[in-house]
Amino acid sequence: MKPLSPKKLLLAGAGHAHIGLLRRFVAGQLDSTDFKGTAIDIALISEHPQTIYSGMLPGWMAGHYSLDDISIDIKSLCRRAGVRFIQQSIVQVNAASNMVATTSDEPLALDYDVLSLNTGAETDMRWLDKRDSYAKTDTHASTDVIAIRPLSEFITHWQQILAEARQASQYQLAIVGAGAAAAELVMAAQVALQHINPNHQVTLVCGEHLLSGFNLRFQQRVIRQLHRHDIKIVHERATGYHDGHLLTAHDTLPMNTVIAATGVVGSAWTAVTDLQTVGNGFMAVNAMQQSVSHPNVFAVGDVATRVDADMAHSGVHAVHGGAIEADNLLAYLKDKPMQDYQPKKNTLYLLSCGDKYAIASWGALSLQGRGLWYLKRYIDQRFVKAK
């Protein structure tokens, strides 16, 4: 009897879910030949051979970690897991023909039996007045708005900011955003820039509602920490950046550089895919993290939105939902029952405050202290350093 052709599992992106799946293969917890006697060919496609762990990015900015400390070697992990690594960027997903197209000097058209999307998303830059400003994409530019995502590009931009700050007698940096990420970034940036020169200043432009998804006690604690760092808080909506000035609804603020931490939208390729999307270009998935339009496609993390539940894009759901998603795509290949991801009512959130201090949120409870920063460091390092 002619042997069956291997089934093809394509992992697009190197987010939490795919990192966890690869580590399970390395640990021998999964066997790629245990699929009804049919072998499975697994490939992972990512634009970069290393992934930056976003949870430790503020600590790196503040000088507590090296770049190696916050990086995961995806290419090496794939090799140890027996998974092919393809260093390319995605430009199109054609679910009707089970194809993913890439772009590079040698573009590829990759076919699959099952596709898992864990590519993340892009920074929401719609607040910018496009007549006056544009997102910074050229690493040699120095006066445009810097998007926090993709992280690989932000790493280069932050190093340039520090270099410029070392040459300046007074450096003004604004961070636009109202979420926890913006709060962490602004405190990390203030610690780093004031270490260079006490005259340097970071401003948080957050509109009317700062940390609206958290309980009041947590919000109050964060605001006190922002004041402790002498961070200026502007409760107005940013509208653009032009000729070294950040524009708000009622003011014009001189700034050397502006960083946008303003939520996420779908990646550019989601605008042309035949996969069903919702909101601002997110893959529409069900409780099993499965595409509602194409059952052989799964998605988790910032690239996806649950249509059956109101769930924020967060690292907590990316980790826990990613584990369920990984189990489900393997169960799908084996024709076995899949399971739902039901998020817990309360989840622990640890927000770093720049100088080895952290604030915790758990439902209606909130705590703060240096011990919580070391707890966060332990949790983060355990994830990054896991084999």
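This is a predicted model: local features need pLDDT of at least 70, side-chain atom pairs count only at pLDDT 80 or more; totals for chains, interfaces and linings use all residues.
Trainee: Which residue does a cis peptide bond join to R149?

Mentor: The residue in question lies in the loop between strand 11 (145-147) and helix 4. Omega of the bond is about 0°, and the partner that this cis peptide bond joins to R149 is P150.

Trainee: How are helix 4 and helix 5 oriented to each other, roughly parallel or roughly antiparallel?

Mentor: Helix 4 (residues 151-166) packs with helix 5 (residues 180-196) at an angle of about 30°, and their axes are 9 Å apart. Because angles under 35 degrees count as roughly parallel, the orientation of helix 4 to helix 5 is roughly parallel.

Trainee: How many charged residues are there in the contact of helix 4 with helix 5?

Mentor: The two helices cross in a right-handed sense. Helix 4 brings W158, I161, L162, A165 and R166 to the contact, while helix 5 brings A189, A192, L193 and I196. By class, the residues of this contact include 8 nonpolar and no polar ones, and the number of charged residues is 1.

Trainee: What term describes the orientation of helix 1 and helix 3, and what is the hand of their crossing?

Mentor: Helix 1 (residues 16-26) and helix 3 have axes 8 Å apart and pack at an angle of about 40°. The two helices are therefore oblique to each other. As for the hand of the crossing, helix 1 passes helix 3 in a way that is left-handed.

Trainee: Which residues of helix 3 make the contact with helix 1?

Mentor: From helix 1, the contact takes I19, L22, R23, F25 and V26. Taken over both helices, the contact has 8 nonpolar, no polar and 2 charged residues. The residues that helix 3 supplies are I74, L77, C78, R80 and A81.

Trainee: Which element gives the most residues to the lining of the second largest pocket?

Mentor: This pocket holds about 180 Å³ of space, and among its 12 lining residues S71, I72, D73, R80 and V384 lie nearest its centre. Two or more lining residues come from each of strand 4 (71-73), helix 3 (74-81) and helix 8 (370-385). The lining has 4 nonpolar, 2 polar and 6 charged residues. With 3 residues, the element that gives the most is strand 4.

Trainee: How many cavities of 30 Å³ or more are found in the whole structure, and what is the volume of the second largest cavity?

Mentor: Searching the whole structure finds 2 cavities of 30 Å³ or more. For the second largest cavity, the volume is about 50 Å³.

Notes:
Residues are numbered from 1 along each chain as its sequence is written. Side-chain values use heavy atoms; hydrogens and water are left out. Axes are lines fitted to C-alpha atoms, for helices over the stretch in contact, and angles run from 0 to 180 degrees between N-to-C directions. Helices (H or I, at least four residues) and strands (E, at least two) are DSSP runs, numbered from the N terminus. Angles under 35 degrees count as roughly parallel, over 145 as roughly antiparallel, 65 to 115 as roughly perpendicular and the rest as oblique. A crossing is left-handed if the near helix is turned anticlockwise from the far one by less than a right angle, and right-handed if clockwise. Contact means heavy atoms within 4.5 Å. Ala, Val, Leu, Ile, Met, Phe, Trp, Tyr, Cys and Pro count as nonpolar, Asp, Glu, Lys and Arg as charged, and the others, Gly among them, as polar. On a 1 Å grid over the protein atoms alone, a cavity is a set of points where a 1.4 Å probe fits but cannot get out, and a pocket is an open set with protein on both sides within 12 Å along at least five of seven lines; lining residues have an atom within 4 Å of a point. Grid points are joined across faces, edges and corners, and a volume is the space filled by probe spheres set on the points.
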